[in-house]
Amino acid sequence: MNKSICVILLLCFIKAGAQTSALAVGDSLVQTGAYSAAIEVYNQLPVSPQVYERIAAANEALGRNAEALAAYRSALELNADDFRLGYRYGILLSKSNYYKKADSLFSGLHLKQPTNASVLYQRGYAREQLKDSTAIIDYLKAYRADNNQQNALYRIAKLLLEKRSFVSAKEYIDLGLKANPHSTRFILLDGLSYYVNKSYHDAIKRFEQLLELGKDNESIREHLAKSYAQTYQYEQALEQYKVLINQYDDRNANWHFSLSTAYLGLNEPEKARRHINIAIGLLDVPLDSHFLALAITYNREGNYPEVMKALQEALAENPQNQLARYQLAVAADNRYADKALVLPFYEAYSKQFPKGRFIDTVLYRISDLKEQLFMDKD
């Protein structure tokens, strides 16, 4: 049915005094998704809360939230005591990011129905977006008022997890999983809870379960990859990092660096080196830790000239890196048969870090080298 026909029909209904029938025309258009045509019909009718509410709902369906909000306000001006109308208006305020107004509106509705769990949840949600710490109180009240309020239960668990109240969070997560063992949002919270507590094997089970249930995103893959790496399951970690790089971001330096760590765990220094170099090429920040990792790959192969070169690059990035300075001396010790060439590297460490964590070992080696050089003179 096109617009012109709708208007003609409407005029016929109005002339006949059949406003109810005209509403039915608009409602039938809404049911078929013809929202714009329905709005045109509703706009021809005498104003009333019911007409404004229909105009609001149709605009909302079209994604025209500003027009929908205006229609809800007009409806409430005519009938301020309509609880259902106020509730729908509040929901749209939140969806439109007007959280202060939503908070105020739901507070008014709460006074009318203090035990309404949905109102408590919606006020809690608005307050959470406003960074108001009392949000969790509303969520708790909502859940106590109605134990079927799973949205409130989820928000409670999530907020407790963010506050690192792990024991309390786990209690609410378990309640959510008891109600629905296949709830991906509670399984995710459970996996994250295990992950932050370094219970990586349990975290892996949860993240794998999410993938089996069809829940797949960058965050899940990254947490799964890190959990595999932490449990020395390097082949599985490699698989996940390859998915991350190939499907999400092949220019993520951290993933390339983590991939190199997994390759090193599998004693494949050449592949590890390739991804470290990719990471170095992608980053524009101090890279001393990356060059240290590069040095380790060469050290595995006994390639001490390249070890020293990488460590010197690390020190160029960060001259205060104690480990790089110490490892450079060790690499020189392994490389040079002439210990006169080695001594300056240890002395450089003792001069720069007289109270460093390797100072005892360094001073012992300096003394030992000086004794060897003295003996060689004889």
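Colleague: Which residue forms a salt bridge with R127, and how far apart are the closest N and O atoms?

Modeller: The partner is D138, and the closest N and O atoms are 3.6 Å apart. A salt bridge here is a side-chain nitrogen of Lys or Arg within 4 Å of a carboxyl oxygen of Asp or Glu. This is a predicted model, in which local features need pLDDT of at least 70, side-chain atom pairs count only at pLDDT 80 or more, and totals for chains, interfaces and linings use all residues. Residues are numbered from 1 along each chain as its sequence is written, and side-chain values use heavy atoms, with hydrogens and water left out.

Colleague: Which helices does the pair R127 and D138 link?

Modeller: R127 sits in helix α8 (residues 117-129) and D138 in helix α9 (residues 135-145). They are eleven residues apart, and the pair links distant parts of the chain. Helices (H or I, at least four residues) and strands (E, at least two) are DSSP runs, numbered from the N terminus.

Colleague: Are R127 and D138 buried or exposed?

Modeller: Check the relative accessible area: buried is under 20%, exposed over 50%, partly exposed in between (1.4 Å probe, protein chains only). R127 has 16%, so it is buried. D138 has 1% relative accessibility, so it counts as buried.

Colleague: How many salt bridges does a search of the whole structure find?

Modeller: It finds 19. One of them pairs E162 with K158, with 2.7 Å between the closest N and O atoms. These two are four residues apart in helix α10 (residues 150-162), so about one helical turn separates them. K158 is partly exposed, at 22% relative accessible area.

Colleague: What is the spacing of D368 and R365 in helix α22?

Modeller: Three residues, about one turn of the helix. D368 and R365 form a salt bridge, with the closest N and O atoms 2.5 Å apart. D368 is partly exposed at 25% relative accessibility, whereas R365 is buried at 17%.

Colleague: Which residues do salt bridges with shared partners join into one network?

Modeller: D103, R123, R127 and D138.

Colleague: Where does T361 lie?

Modeller: In helix α22 (residues 359-377). T361 has a relative accessible area of 43%, so it is partly exposed. Its C-alpha atom is 9.7 Å from that of Y346, a residue 15 places away along the chain.

Colleague: What is the phi of N97?

Modeller: Start with the general idea. Most residues other than glycine have a negative phi. N97 is not a glycine, yet its phi is positive, about 70 degrees. N97 lies in the loop between α6 (83-95) and α7 (99-112). At 53% relative accessibility, N97 counts as exposed.

Colleague: What is the phi of R164, and where is its place?

Modeller: R164 is a residue other than glycine with a positive phi, near 65 degrees. R164 is in the loop between α10 and α11 (166-179). R164 is exposed, at 54% relative accessible area.

Colleague: Now contacts. Which residues is D190 in contact with, leaving aside its neighbours within four places in sequence?

Modeller: Contact means heavy atoms within 4.5 Å. By that test, D190 is in contact with K170, I173, L177 and R206, its neighbours within four places in sequence being left aside. D190 lies in helix α12 (residues 184-196). Its relative accessible area is 1%, so D190 is buried.
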